[in-house]
Amino acid sequence: MVSWRPTASLQSLQQRAKILADIRQFLAKRGILEIEVPLLSAAGGTDLNIELLKIEGEDRWLASSPEFPLKRLVAAGYGDVYALQKVFRKGESGRRHNSEFTMLEWYRVGFDEFQLMDEVEALCQAVFNMPAATQVSYRKLFIDSVNLDPFTINDTELAAVGAGLSGLDPTALARDGWLDVIFSHAIEPELDAPVFIFDFPASQSALAKITNRDYGQVAQRFELVYQGVELANGYFELTDGEEQRQRFERELALRAHQKKAVVAMDEHLIAALNSAMPSCAGVAMGVDRICMLAAATQTLSEVISFDDNNA
Amino acid sequence: MANFSTNEFKGGLKVMLDGDPCSIVENEYVKPGKGQAFNRVRLKNLRTGRVWERTFKSGESLEAADVMDVELEYLYNDGEFWHFMDPNTFDQYQAEESAVADQKNWLREQDVITVTLYNGSPLTVTPPNHVVLEVAHTDPGLKGDTAQGATKPATMTTGATIKVPLFVEIGDKLKIDTRTGEYLGRSKD
């Protein structure tokens, strides 16, 4: 049967419109400039776990995040900037995922990840009355929740814990995959009160700077989880173009090895980082998930006009 | 048989897992923003009835199970097999004890039953939620005993034993809930 009706109620779309307006007001008050950046570009992210959608017949990819153009604006000296727009990820569809979704991403020149966490918390409190959040390192969270140290546990023991939680074969995943199993199966669903998780393993740095702690190398990256839902992912941004190039090359080689789609490396971004990139922190937030928590619904479908199934 | 990828998983889909046909109960896509995507799936093992929780890497696939539900008329039990017939084609099927299992006491001859076929043979049977069965044996009701809620056991012609009110007599036809084995009332059918 054709279901032409919206998946969200009028009331929830009215609430969503207010949330979008409140986000813009919060960022404008802090002097952060709204910018529309391209959704179609010739290059794209090389992230191993994000699949991009390609426009058929065109040499263009749909953006999975406004990150690269926003950073080029920061490098150009345009100051604090944000984008609030749709992004696209192939195959991500479910109760808390939709292959196109609304992302809010902003950059703060001169901030580190801890200053940005405070601003993310203030935004959430202003926009949907989120309670005060705590902050915990990735390592301490694992030790407190599942009694294992993600930085010292050996691969065999880690795989055994992950296999026990998931039923997957102990050879099915590499180290970061098992950490993801434990995080998504045993830790994240239990995180009810808002919590910022910081100091991720360096292997999960994405576009964050890497630094040393007494127990090993960490990525200066954070995530906000509230009611078991990941709401934000932020970085103290890597500003070294050559290190960025090496990470892209490593990911592209792994993509080729795993027979995944290979996207052109973004030379514009690397050139921008090498030019005059100031020290800055940036964060991406899932706006549909914010609407979901604000409306106390269980699925994204209830807060987006038409979901993947009837778009 | 065809294969189904995790992105095709949905409630009711029949797939093979560990050599047994299963029905997907629930499928949840789970993905840390920068991490590996998984499908956390609850599946009902159609052979044992047990519900399994399993995680798959997104993009993995499972073989489809050759399972289908058909409406068949229950004919009789020959002591070893339970015999069913398709009322349209007159095709006959014989079910082993493991397939009828706990449901055998609710099967009344000539009733239409949902039978799940796996590779063309009965795997499980699902009687209607409510059936009407005749009392084959019960102790005589005690005259004048009208105490609320008092019950006694009664055995149906199919072999089922249920708790019934004291006024129920041999030959009465009773409406019974097959999911709970509860007496619902006397029937005029």
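This is a predicted model: local features need pLDDT of at least 70, side-chain atom pairs count only at pLDDT 80 or more; totals for chains, interfaces and linings use all residues.
Residues are numbered from 1 along each chain as its sequence is written, chains are lettered from A in the order in which they are written, and side-chain values use heavy atoms, with hydrogens and water left out.

Let's start with the sheet. Chain B has an open one of 5 strands, ordered S14-S13-S12-S15-S16 with antiparallel pairing. Strands here are DSSP runs (E, at least two residues), numbered from the N terminus, and two of them pair if DSSP finds at least two bridges between them. At the edges sit S14 (161–165) and S16 (182–186) of chain B, each pairing on one side only. S15 of chain B, residues 173–177, is joined to S16(B) by 4 bridges, and B:Lys175 stands opposite B:Gly185 in S16(B).

Now the interface. Counting contact as heavy atoms within 4.5 Å, chain B gives 16 residues and chain A gives 24. The two chains bury about 1,800 Å² between them, 51% of it on carbon and sulfur atoms; that's accessible area (1.4 Å probe) lost on putting the two parts together, summed over both. On chain B's side, B:Tyr29, B:Lys31 and B:Lys34 supply 37% of the area that chain B buries against chain A, more than any other three residues.

And what about salt bridges across the interface of chain B and chain A: how many does the rule find? There are 3, taking a side-chain nitrogen of Lys or Arg within 4 Å of a carboxyl oxygen of Asp or Glu. One such pair is A:Arg95 with B:Glu28, closest N and O atoms 2.8 Å apart.
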